[in-house]
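Please walk through this fold with me. We begin with the chain as a whole and end with its aromatic rings.

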Amino acid sequence: MRCRPCKWLIVISILVLFVGVAQADFESEVIELVNVEREARNLHPLSYNQELTVAARRHSQDMGDRNYFDHTTPAPDSIKFYERIVDAGYNYRNCGENIAAGYATPAAVVDGWMDSDGHRANILDPDYCDIGVGYAAVNGSDFYHYWTQDFGRRAGVTQCPVPVAVPPATETPVLSGSSDTSGGGSGGGCFIGSLSASGKIGAFVKNFFGSQSRRGTVDAAEDRGIRSSSELYR
């Protein structure tokens, strides 16, 4: 008795599992590379966090699916990155985010972030305890490769606990839909961001009272099809 639909179901299931494992492997490698950079500067390693991973994965997938590149989702929802983090279940004292698009490997994206002042500041921030990384490869999008790093320290945490290792790829969280929240964490101050595209990179500081200053734009290596951005919220 033939069961062709069953065979196709098995093939599809294997492909989905393979993609999920490859995605998780890329994400765990980014965390490893980040901690190599931190340990080289005598900073404590960041701990894998499932809530931050969910927030990061949702955003990378959403950027590819809706073909945009920003920390804030497009209108009409216009969800800020710290709102996405809270929506995923992470109650932060402070948090930050790096995003990138167009980088094909974990090593390439971490090198790109480390070459930018704003991104490097997030990666090497001594106040963070936790990290979550999300990678998505989206056919038909402008950049195909989308990356998000979410950083944080939980509210009430005065000293970072012993780091939690990244679990095996088969045990990492599965997305359960896109983020949708109107809430946000407490806190104030400013965010620091940088953006690079087509060989140009700039850094800016903006406070929530609406003033903005732009710091010197500098030439970077010509690298079309690659973008990155970072934000910090306290």
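Two residues are in contact when heavy atoms lie within 4.5 Å. With that in mind, take the contacts between residues at least 6 apart in sequence: 73% of them join residues at least 24 apart. The model is predicted.

Now the layout. The chain has five helices and eight strands. Along the sequence they run α-β-α-α-β-α-α-β-β-β-β-β-β. Of the 234 residues, 45% are buried. The chain exposes about 12,000 Å², and carbon and sulfur atoms supply 55% of that area.

Turn to helix α5, residues 117-123, which holds A121. A121 and G96 are 25 residues apart in sequence, and their C-alpha atoms are 9.8 Å apart.

Next, the aromatic rings. The structure holds seven aromatic pairs. One of them joins F26 and Y135 in a tilted arrangement, 5.1 Å centre to centre with 55° between the planes. What does this pair tie together? F26 sits in helix α1 (residues 4-39) and Y135 in strand β3 (residues 130-137), so the pair links parts that are 109 residues apart in sequence. F26 is partly exposed, at 24% relative accessibility. Y135 is buried, at 8%.

F81 is buried, with a relative accessible area of 1%. Y82 is buried too, at 12%.

Finally, return to F26 and Y135. Together with W147 they form one aromatic cluster.

Conventions
Residues numbered from 1 in each chain as written. Predicted model: local features only at pLDDT ≥ 70, side-chain atom pairs only at ≥ 80, totals over all residues. Heavy atoms only, no water. Helix = DSSP H or I, 4+ residues; strand = E, 2+ residues; numbered from the N terminus. Buried < 20%, exposed > 50% of the residue type's maximum accessible area, 1.4 Å probe, protein only. Areas by Shrake-Rupley, 256 points an atom, 1.4 Å probe, with all protein chains shown as cover. Phe/Tyr/Trp six-rings, centres within 6.5 Å; stacked < 30°, edge-to-face > 60°.
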